[in-house]
Amino acid sequence: MLFRSSVEMTQALNDDVLTGGCQCGDIRYALRGEPVDLYVCHCRECRKQSSSAFGISLIVRAADFVLLSGAPKVWSRPAAVAGSLDCAFCPNCGSRFLHGNTETDKTVSIKGGSLDTPLDMTNAKHIWVSSKLHGIAIPDHAETHAEEPPA
């Protein structure tokens, strides 16, 4: 996976940008533009990746992702639907912060916990609820999908 350099993208950033990074601070990124969607994923892979009950994914246009510092490593795993999924993480602390390929994909998934400002989860869509852990409550108003949401 290739990342656009912060030098060529910095002039495109504005005051409304979201920022984030890894746990140790070596990886820093910015997101410009409006997010596309917000998911709470209850699949087994997201539970393993987050070491928690679910994963939080902020979907953004790949062109809106700007790597500000650090040199991420990428691990690929088979995807549930088809093909494979690139998973970017910090080689120092291991924190995963992005799923997808910023050079070839239209959108990428930013891992919610890597953002500096907590997300408002009020309107998050819950996916793979067929795999959710017993006892996890999903708000009555939430849009839900047994597996992948429609494209």
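These questions and answers concern the sheets, the nonpolar cores and one histidine of a predicted model.

Reader: Why is His42 called buried?

Author: Buried means under 20% relative accessible area. His42 has 0% relative accessibility, so His42 counts as buried. His42 is found in the loop between β3 (37-41) and α2 (44-50).

Reader: What makes the pair of His42 and His126 a polar contact?

Author: The cut-off for such a pair of N or O atoms is within 3.5 Å. The side chains of His42 and His126 make their polar contact at 2.9 Å.

Reader: Which residues does His42 touch, not counting residues up to four places away in sequence?

Author: Among them are Arg47, Phe54, His126, Trp128, Lys132 and Ile138.

Reader: What makes β6 and β10 edge strands?

Author: The sheet they belong to is open, has 7 strands in the order β6-β7-β8-β9-β4-β3-β10, and its pairing is mixed. β6 (73-78) and β10 (125-127) each have a single partner strand, so one side of each is left without a neighbour in the sheet. On average, neighbouring strands of this sheet are turned by 30° against each other, direction ignored.

Reader: How do you know that β6 and β7 pair?

Author: Pairing needs at least two bridges between the strands. β6 and β7 (residues 84-89) have 6 bridges, in the antiparallel sense. Pro78 stands opposite Ser84 in β7.

Reader: What is the strand order of the sheet of 3 strands, and how do its strands pair?

Author: This open sheet has the order β1-β2-β5, with antiparallel pairing. β1 (18-21) and β5 (65-69) are its edge strands, as each pairs on one side only. Its neighbouring strands are turned by 25° against each other on average, direction ignored.

Reader: How do you know that β2 pairs with β5?

Author: The requirement is again at least two bridges. Between β2 (residues 28-31) and β5 there are 4 bridges, and the two strands run antiparallel. Arg28 has Ser69 in β5 as its bridge partner.

Reader: Which residues have the most contacts inside the largest nonpolar core?

Author: They are Tyr29, Leu31, Leu58, Phe65, Phe97, Leu98 and Ile110, in a core of 19 residues. Elements giving two or more residues to this core include β2, β5, β8 (96-99) and β9 (107-111). Apart from this core lies another, of 7 residues, with Tyr39, Cys41, Cys43 and Trp128 among them.

Reader: What does Ile110 touch, not counting residues up to four places away in sequence?

Author: The contacts of Ile110 include Tyr29, Leu31, Leu58, Phe65, Phe97 and Leu98. In soluble globular proteins, nonpolar side chains tend to be buried together.

Note on methods. Residues are numbered from 1 along each chain as its sequence is written. This is a predicted model: local features need pLDDT of at least 70, side-chain atom pairs count only at pLDDT 80 or more; totals for chains, interfaces and linings use all residues. Side-chain values use heavy atoms; hydrogens and water are left out. Buried means under 20% relative accessible area, exposed over 50%, partly exposed in between (1.4 Å probe, protein chains only). A polar contact is a pair of N or O atoms within 3.5 Å; within protein, one must be able to donate a hydrogen and the other to accept it, and residues adjacent in sequence count only if both atoms are side-chain atoms. Contact means heavy atoms within 4.5 Å. Axes are lines fitted to C-alpha atoms, for helices over the stretch in contact, and angles run from 0 to 180 degrees between N-to-C directions. A nonpolar core is a set of buried Ala, Val, Leu, Ile, Met, Phe, Trp, Tyr and Cys residues joined through side-chain atoms within 4.5 Å.
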